[in-house]
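The following paragraphs lead the reader through one protein model, from the chain as a whole to selected residues. Please keep the sequence and the coordinates in view while reading.

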Amino acid sequence: MSNTYFQFKQFTVHQEHTAMKVCTDACLFGAWLAKDENINTASALLDIGTGTGLLSLMVAQSTCSNINTHSTITAVEIEPAAATEAQRNIKASPWAEQIKLVHSSIQEFPHQKFDCIFTNPPFYEGDLKSPNEAINVASHSMALPWTELIEVVYDLLNPNGYYYVLVPALRAYTMQKLAEQKGLFLMEEVMVSNAAKQKPFRAIHKYRKSVTPLAEVKRTNFIIKEKDNIYTENFTKLLAPYYLHL
């Protein structure tokens, strides 16, 4: 029987009752967020659809420990079992005072303003549904269509605030167009591949709330594993503060 938890260097993510488990691309996204300058200097951050609390905990390890001890993270989760498990993970972490768990849909979340918003949103639309309703809520954009997500992000962001999102590579352009129509302009795109000769399967986007498009978009590629199935130097460097065996 596999473990019902994922052990990181400074915290543990219990996930027995959560539909969507810890995965490599989410860990990569969390570590990438934690290195971002604007994330690390923000006072108020919002995690939409926190699930197990993974992204909030990874960001907190960086922002609340060493760099910006006054920052706060609000983690919102709609699914009851996930919210309960996220609360457990947060309370057991060193950053229980800096992370606030809110059990709510983001559409019903009280109107506040944030410097940075990040999310690993549900992204399946026309795909076959699972018999597990919790998985459907976590994986399918029934409860949070992207159009609604963009509306909420725009309304909750401070002027010149930043929005970060992890999406399937094939739908990255869709996210970009929806965001730009609302006034969130792409600053950076990282296309993530499992191996050098494989097509990208995820895209990491960073947007800025602005009245005009940005002059230039930084576009890079990121490879997780070498051909011999070991982690690349870039992946190892990025995840070393978190993974036990790196």
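In which loop is the place of N229? N229 sits in the loop between β10 (218-223) and α8 (233-239), where helices (H or I, at least four residues) and strands (E, at least two) are DSSP runs numbered from the N terminus. N229 has a positive phi of about 70 degrees although it is not a glycine. With a relative accessible area of 54%, N229 is exposed; buried means under 20% relative accessible area, exposed over 50%, and partly exposed in between (1.4 Å probe, protein chains only).

The model is predicted: local features need pLDDT of at least 70, side-chain atom pairs count only at pLDDT 80 or more, and totals for chains, interfaces and linings use all residues. Residues are numbered from 1 along each chain as its sequence is written, and side-chain values use heavy atoms, with hydrogens and water left out.

The protein chain contains 8 helices and 10 strands. Of its 246 residues, 52% are buried. Among the contacts (heavy atoms within 4.5 Å) with a separation of 6 or more, 74% are accounted for by residues 24 or more positions apart.

Strand β9 (residues 202-209) is mostly covered, with 7 of its 8 residues buried. Strand β7 (residues 157-168) runs antiparallel to β9 and is joined to it by 7 bridges; two strands pair if DSSP finds at least two bridges between them. In this pairing, Y164 stands opposite K206 of β9. Strand β8 (residues 184-193) is likewise antiparallel to β9, and 8 bridges join the two. There, A203 in β9 is the bridge partner of M191. As a general point, in a regular strand the side chains alternate between the two faces of the sheet.

Strand β7 also holds N160. This residue has a positive phi of about 65 degrees although it is not a glycine. N160 counts as partly exposed because its relative accessibility is 42%.

Not counting residues up to four places away in sequence, D36 touches Y164 and K206. D36 is found in the loop between α1 (24-35) and α2 (37-41). Is D36 buried or exposed? D36 is buried, because its relative accessible area is 8%. A polar atom of the D36 side chain lies 3.0 Å from the backbone nitrogen of N38, a polar contact being a pair of N or O atoms within 3.5 Å; within protein, one must be able to donate a hydrogen and the other to accept it, and residues adjacent in sequence count only if both atoms are side-chain atoms.
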